[in-house]
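Welcome! Take a look at the model below, and then let us walk through a sheet and some ring contacts together.

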Amino acid sequence: MADFDIVALGEPLVELNQTRQGELQYLQGFGGDTSNAVIAAARQGARCAYLTRVGDDAFGAQFLDLWREEGVDTSGVEVDASAHTGLYFVQHGPDGHAFSYLRRGSAASLMTPATLDGGLIERARFLHVSGISLAISTSACDTVFAAIARARAAGVQVSLDSNLRLRLWPLDRARAVLREALCHADLFLPSMDDMQHLTGNDDPERTLDWIRDAGATGVVVLKLGKDGSIIDDGKTRTPVAALRVEAVDATGAGDCFAGSLLARRCQGDDWADAVRYANVAAALSTLGYGAVNPLPRAEQVLAKLRG
């Protein structure tokens with residue numbers, strides 16, 4: 001039996017989130033897509049570990065404290081005395097939330113395949129990675145592909161979230177790299193927004209066709225936001241409705257979806273039940289500000305599912 005249900009790899013970022021539109025007040029929190037996902041998974045009862053690098057600074061120390069408090073194993077976290085922990089700002093406006101990043105040269109962006117040498121990946125059921133980690137630097141991209149190779153060699157399932165950020169890389173490179181990565185994923189988690197950029201169309205069925213034509217052989221769960229999700233297992237396509245809520249901040253909702261889905265799969269749910277659970281968890285995560293604080297715990301999600 002694996003020591004961990006989920007080992008995630010990626011970039012943590014300190015979050016400064018605008019609490020009121022138009023006012024210059026920011027609430028400090030924590031972010032970073034795969035960090036959010038692994039914390040969400042831990043809150044659903046999964047056994048989790050994180051692979052990353054942080055700066056030898058106050059923010060890096062806060063992240064280590066956070067992961068430990070959340071029950072996430074930190075033995076794969078390296079502390080770099082010569083680099084900083086990255087951060088970002090979230091501002092809210094009539095068109096939703098906008099992000100501004102200070103991440104260039106961060107400790108996480110300097111990760112290399114040597115970051116993986118502790119053997120955590122081989123002790124997991126799932127490795128979770130994302131398009132952001134593929135984009136932040138060449139060495140980080142190499143590290144993600146090295147992690148995928150190690151996972152597949154050890155029989156560990158690979159989960160990939162598209163998380164396309166075009167500020168980080170050109171569209172053509174993003175499309176090429178993500179196409180290569182999705183071919184090695186047992187679970188691919190694209191959002192419809194991401195796929196509109198990559199495919200040029202806004203039709204979910206055509207988008208799923210594109211993903212299969214690109215070489216995806218595992219399960220694909222296409223995230224449609226307030227319209228729910230579609231599960232494509234290679235044979236059938238099953239829509240799963242979302243939970244409608246009055247969202248105040250969608251930061252991290254997709255990460256909550258990913259972590260909750262993986263946790264429920266590790267706990268024995270079939271795909272439809274796991275996606276239904278993840279849809280509810282993601283909706284609940286939008287009811288507060290920030291990426292981490294609003295992440296629901298299992299009892300909250302189960303109560304909502306029981307209705």
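Two strands count as paired if DSSP finds at least two bridges between them. Keep in mind that this is a predicted model. With that rule in hand, β2 (residues 13–18) pairs with β3 in the antiparallel sense, over six bridges.

**The sheet**
- An open sheet is built from four strands in the order β3-β2-β6-β7, with mixed pairing.
- At its edges are β3 (26–31) and β7 (96–102), each of which pairs on one side only.
- On average, neighbouring strands of this sheet are turned by 25° against each other, ignoring direction.
- Helix α2 (residues 58–69) packs on the sheet and touches β2, β3 and β6 (87–93). The direction of α2 makes about 60° with that of β3.

**Aromatic pairs**
- There are seven aromatic pairs by the rule used here.
- F30 and F63 form an edge-to-face pair, because their planes are at 65° and over 60 degrees counts as edge-to-face. Their ring centres lie 5.0 Å apart.
- This pair links distant parts of the chain, with F30 in strand β3 and F63 in helix α2, 33 residues apart.
- F30 counts as buried at 17% relative accessibility, and F63 counts as buried at 0%.
- Y88 and Y101 make a tilted pair, 5.6 Å centre to centre with 35° between the planes. Y88 belongs to strand β6 and Y101 to strand β7.
- Ring pairs also join F30, Y50, F63 and W67 into a cluster.

**Arginines over rings**
- R264 lies over the face of Y277, 4.6 Å from the ring centre.
- R265 lies over the face of W271, 4.0 Å from the ring centre.

Conventions. Residues numbered from 1 in each chain as written. Predicted model: local features only at pLDDT ≥ 70, side-chain atom pairs only at ≥ 80, totals over all residues. Heavy atoms only, no water. Helix = DSSP H or I, 4+ residues; strand = E, 2+ residues; numbered from the N terminus. Axes fitted to C-alpha atoms, helices over the stretch in contact; angles between N-to-C directions. Contact = heavy atoms within 4.5 Å. Phe/Tyr/Trp six-rings, centres within 6.5 Å; stacked < 30°, edge-to-face > 60°. Buried < 20%, exposed > 50% of the residue type's maximum accessible area, 1.4 Å probe, protein only. Lys NZ or Arg CZ within 6 Å of the ring centre and 35° of its normal.
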